[in-house]
Amino acid sequence: MKADFYETLGVQKGADEKELKSAFRKLAMQFHPDRNPGDSACEQKFKEINEAYETLKDPQKRAAYDRFGHAAFENGGVGGAQGFGAGGFADIFEDIFGDMMGRQRRSSGGRERGADLRYNMEITLEEAFNGKTAQIHVPASVVCDECTGSGAKPGTQPVTCSMCQGSGRVRASQGFFSIERTCPQCQGRGQTIEDPCPKCAGQGRVTEERSLSVNIPAGIEDGTRIRLAGEGEAGLRGGPSGDLYIFLSVKPHEFFQRDGADLFCKAPISMTTAALGGSFEVATLDGTQTRVKVPEGTQNGKQFRLRGKGMPILRQPTIGDLYIQVAIETPQNLTKRQRELLEEFEKISSQENNPQSTGFFTRMKDFFESFGDKA
């Protein structure tokens, strides 16, 4: 047995058009299949919500439902149920989900908004550090300068559609009811072009390559999206232009890895520098060099922090830090004399010279011997 349409929408029987639309919007957003992929229950609920709204929003269908209930639309009763739903629901569906699904929407007067465009731009880490102004070339539809976007031949004007009288909608009677649909002659624009512009063939726009200047602020991060309003495709026949979205990606750097505002760099140092102490210089993204002091007995993986040598934070005066991690390099291709010196050093070394390895193997030995005690 079908549920009551008023209960389906969660409204009282005397609800006005505004209440019905508000209830439908809320439920449609909740149960729409695109938001609940693979959920058959939500899909069925969405169909029920749609059917209830399509019936109650139309005064004639609502009057029939209030009098006869579901029987008004079953078995061909009172004009039948066929033919409803597609036209009216398409409008409310586009109104609610048009932005979410990236659809082009019509502006006032039936003019179509131009499509949004995407442009992928790759920059270096140095450019992300300093910021830059980039020139890009974008092929896109622009307003036809011959007809100034009207689509009509210069000297002529679009005329009111003879079928819909400029409303963009036509009604067709079906028994007790009437169905409203998009005008097939003007496709909802309300106007037709009898003499189209020869340059744009009546579209009101032509394809050209445009040069645009894009400001990349210092501190921009990988994956950032920049929106240039009105720089997308020109609208059809004078409709508003879409937007241009620039998606930024930062190239991997030879020396630095980025984590937010901080930079990380791994620097190899010799075994003797780590043991005896010393220093080395590193270049930074601000164009300077900084000396890093290595204390005596530095261990592999030790990190040194250079304050204020990282990345700037977007639109803030603060700058992150640079972390230098040392990797101790084991000598290779030893000469005979070098080997002799290392062997001599090994013989005279004590546990105090290698506390980590000595402690590790001592604990490992105790661990192994513990198995013998349990036997």
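Mentor: A residue is called buried when its relative accessible area is under 20%, exposed when it is over 50%, and partly exposed in between, using a 1.4 Å probe and protein chains only. The model is predicted, so local features need pLDDT of at least 70 and side-chain atom pairs count only at pLDDT 80 or more, whereas totals for chains, interfaces and linings use all residues. Residues are numbered from 1 along each chain as its sequence is written, and side-chain values use heavy atoms, with hydrogens and water left out.

Thr290 belongs to strand β13, residues 289–294; strands (E, at least two residues) and helices (H or I, at least four) are DSSP runs numbered from the N terminus. With a relative accessibility of 16%, Thr290 counts as buried. Beyond its neighbours within four places in sequence, Thr290 is in contact (heavy atoms within 4.5 Å) with Phe280, Glu281, Val282, Thr284, Leu306 and Lys309. Lys309 is 19 residues from Thr290 along the chain, and their C-alpha atoms are separated by 9.2 Å.

Val282 is the residue that stands opposite Thr290. Strand β12, residues 278–283, runs antiparallel to β13, and six bridges join them; two strands pair if DSSP finds at least two bridges between them. Five residues lie between β12 and β13 in this hairpin, and Gly287 in the turn has a positive phi of about 85 degrees.

Turning to the charged pairs, the structure holds eleven salt bridges, each a side-chain nitrogen of Lys or Arg within 4 Å of a carboxyl oxygen of Asp or Glu. In one of them, the closest N and O atoms of Asp145 and Lys199 are 2.7 Å apart. Asp145 lies in the loop between β2 and β3 and Lys199 in the loop between β6 and β7, so the pair ties together parts that are 54 residues apart in sequence. Asp145 is exposed, at 56% relative accessibility, while Lys199 is partly exposed at 41%.

Another salt bridge joins Arg337 to Glu340, with closest N and O atoms 3.7 Å apart. Both residues lie in helix α8 (336–348), three residues apart, about one turn of the helix. Arg337 counts as exposed at 51%, and Glu340 as partly exposed at 35%.

Finally, Arg113, Asp116, Arg227 and Asp243 are linked in a network of salt bridges. Within it, Arg113 and Asp116 have their closest N and O atoms 3.1 Å apart.
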